[in-house]
Amino acid sequence: MRKVILFMHVSLDGFVCGPNGEQDWMTMDDDEVGHYLIPDLQKTVDTMLVGRVLYQGFASFWPTVTNNPETPPELVDFANWMNTTPKVVFSKTLTTVDWQNARLAKADVATEIATLKQQPGGDMVVFGGAEFVSSLAKLDLVDEYRIKLEPIVLGTGKALFKDVTERIKLTLTKAKSFDSGVVGLYYQVRRE
């Protein structure tokens, strides 16, 4: 069965962005981290799940990356993957989506993901959107957490697990620390 993989930058105190959506604290200049975390996704994932806010940000950014001659080749490769990978967009307000290979979800998030899991194909990835990710965690729809634990305490912001009220048992399957202070963590959800 296909898995839902959550890939997120998270501060040491559990925030995915600052109180106003700030992400200027994320480590973006450590290629070693990207070479460790991204290739696994590109090998196993064939669908992205995104909420409206992240969809709008991604749809305006990723198509422009390949046109910039100063973009490093590995980022161009990732941008091509982002642009061509099928995307399911969850939104209560959007009526159309126009990013390449994107479509609006036809059902509520739990029903849509259950249907997608039963279909043939690779795994599905969620890259974020604080509200969207929190709703997936609360509904126990995430099968694997891939956390890029950032070496910072924000003190305030939007919490990854703010709406979760039940325990989620996890098994650490992979971990690696980097010179930048980032730690890459892979956790499988244990469902008994």
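Biologist: Which side chain makes a polar contact with the side chain of glutamate 144?

Modeller: This is a predicted model, with local features needing pLDDT of at least 70, side-chain atom pairs pLDDT 80 or more, and totals for chains, interfaces and linings using all residues. Residues are numbered from 1 along each chain as its sequence is written, and side-chain values use heavy atoms, without hydrogens and water. A polar contact pairs N or O atoms within 3.5 Å, one able to donate a hydrogen and the other to accept it within protein, and sequence-adjacent residues count only if both atoms are side-chain atoms. At 2.8 Å, the partner of glutamate 144 is lysine 3.

Biologist: Is glutamate 144 buried or exposed?

Modeller: Glutamate 144 belongs to strand β7 (residues 144–150), a DSSP E run of at least two residues. Its contacts (heavy atoms within 4.5 Å) include Tyr186 and Val189. Because its relative accessibility is 2%, and under 20% is buried, over 50% exposed and in between partly exposed (1.4 Å probe, protein chains only), glutamate 144 is buried.

Biologist: Which backbone oxygen does the side chain of threonine 85 reach?

Modeller: Threonine 85 sits in the loop between α3 (73–84) and β4 (87–90), and its relative accessibility of 4% makes it buried. At 2.6 Å, its side chain reaches the backbone oxygen of tryptophan 81.

Biologist: How far is the charged end of lysine 87 from the ring centre of tryptophan 99?

Modeller: Trp99 is one of the residues in an aromatic cluster that also includes Trp81. A charge over a ring means Lys NZ or Arg CZ within 6 Å of the ring centre and within 35 degrees of the ring normal. For lysine 87 over tryptophan 99, the distance is 4.3 Å.

Key: Rings of Phe, Tyr and Trp (its six-membered ring) pair if their centres lie within 6.5 Å; planes under 30 degrees apart count as stacked, over 60 as edge-to-face and the rest as tilted. Helices (H or I, at least four residues) and strands (E, at least two) are DSSP runs, numbered from the N terminus. Lists of a residue's contacts leave out its neighbours within four places in sequence.
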